[in-house]
Amino acid sequence: MKTTSKTWSAVAVSVAMVAMALPAQANSWRGWNIHPPGYPNTVALEAFAEAVTERTEERLKVQVYNNGVLGDQPDAIEQTRSGALDFANFNMGPMGPIVKETNVLSLPFIFSSIEHMHEVMDGEIGQQFADALAEKNLIALSWFDSGARSLYNTERPISTPDDVRGLKIRVMNNDLYVDMIEALGGNATPMAYGEVYQSLTTGVLDGAENNYPSFESSNHYEVAEYYSLTEHLIIPECLCIAKASWEALSPEDQEIVRDEAIKASTMQRELWVEGSRASHQKVVDAGVQINEVEDKAAFQERMDPVYAGFIQANPELESLVEAIRSSN
Ligand code: GTR
């Protein structure tokens, strides 16, 4: 059977009802995950859950709830901050409105490559982001990959910034992305991930932007036929633990959780490479037209006012922006 997004939402609703009916227990951890079973992040999170449950001899029983059934990402961030959820895999995009330092990671083209992003996040600069998250009650134990995000739409291939003019493009919940799309002449609509498929089919949206695995697993490729390799955003994701849940652990169990979170990120990054390839193939086979963008510099230049506006509003973050740019 072909799994349509309709089937997913039916599954999502019933799983959510079960999840909400469960009493919260000190030794049972609930984890939020936006992706479906089989997605690289899901596989890694499930491995994390299983390993922690086993290694703590069930002092902690860890369960992952997939498909965003526990809420959309901005809600889940708040729930994890308050300790209502115990852990989650969050993209740093929707984190910006809450942890302003992480907006630096949402600046278009800030990383020159995925390898550059990994080096930065695994090093001292990555620790600065983890510290900023910790101040908002989120303990980031490791960083996942989420590839490079590119624009896709129902209307036409995008080769130059002017091709974006007039297109209604969904963005994640962060004003920086509104500025980004407007700088290209498009109309940006911040919207929850789970609502995008429907909006593409009804014409509320002309397009969105994402990496191959999400473009494919969300079924957006069934509706949006043009995928253009702008690769404008390379954003890391965290495996984040609620501070309250983290502090309730013994030092021994913290060590187990930390160790397994690092293993999960290694696993996720490996699965990501293969998953991206498979998703790419699947969308090509389905007839999606993919085009390279030869003059990426033209898109980058349009981002100058976005950077200028960001630095003007956040002068204290300029050195962090510079540190990343010069670390390449
Ligand atoms: C995916 C990411 C999700 C979510 C989604 C979106 O690539 O893994 O966490 O942020 O994009 O576009 O909302």
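The model is predicted, and its chain is divided into domain 1 (15-145 + 235-277) and domain 2 (149-234 + 288-325). The shell around the ligand draws at least three residues from each of these two domains.

**Overall fold**

- The protein chain holds 13 helices and 11 strands, and its C-alpha trace spans about 55 × 50 × 30 Å along the principal axes.
- The radius of gyration of the protein chain is 19 Å, which agrees with the value near 20 Å that a compact globule of 328 residues would have.
- Of the 328 residues in the protein chain, 46% count as buried.
- Among contacts with a separation of 6 or more, 76% are made by residues 24 or more positions apart.

**Domain 1 against domain 2**

- The centres of domain 1 and domain 2, taken over C-alpha atoms, are separated by 24 Å, and the contact takes 32 residues from domain 1 and 28 residues from domain 2.
- On the side of domain 1 that touches domain 2, the elements giving two or more residues are α3 (73-82), α4 (114-122), α5 (124-135) and α10 (251-285), and α4 gives the most, with 3 residues.
- By class, that side of domain 1 has 18 nonpolar, 11 polar and 3 charged residues.

**Ligand surroundings**

- The residues around the ligand are I34, Q73, N91, G93, S146, M172, Y193, N210, N211, S214 and E237.
- The shell around the ligand divides into 3 nonpolar, 7 polar and 1 charged residues.

Notes: Residues numbered from 1 in each chain as written. Predicted model: local features only at pLDDT ≥ 70, side-chain atom pairs only at ≥ 80, totals over all residues. Near = placed C-beta within 6 Å. Nonpolar A, V, L, I, M, F, W, Y, C, P; charged D, E, K, R; others polar. Domains from an automatic or database assignment. Helix = DSSP H or I, 4+ residues; strand = E, 2+ residues; numbered from the N terminus. Rg over C-alpha atoms; globule rule 2.2 N^0.38 Å. Buried ≥ 20, exposed ≤ 12 C-beta atoms within 10 Å, placed from the backbone. Contact = placed C-beta atoms within 7 Å.
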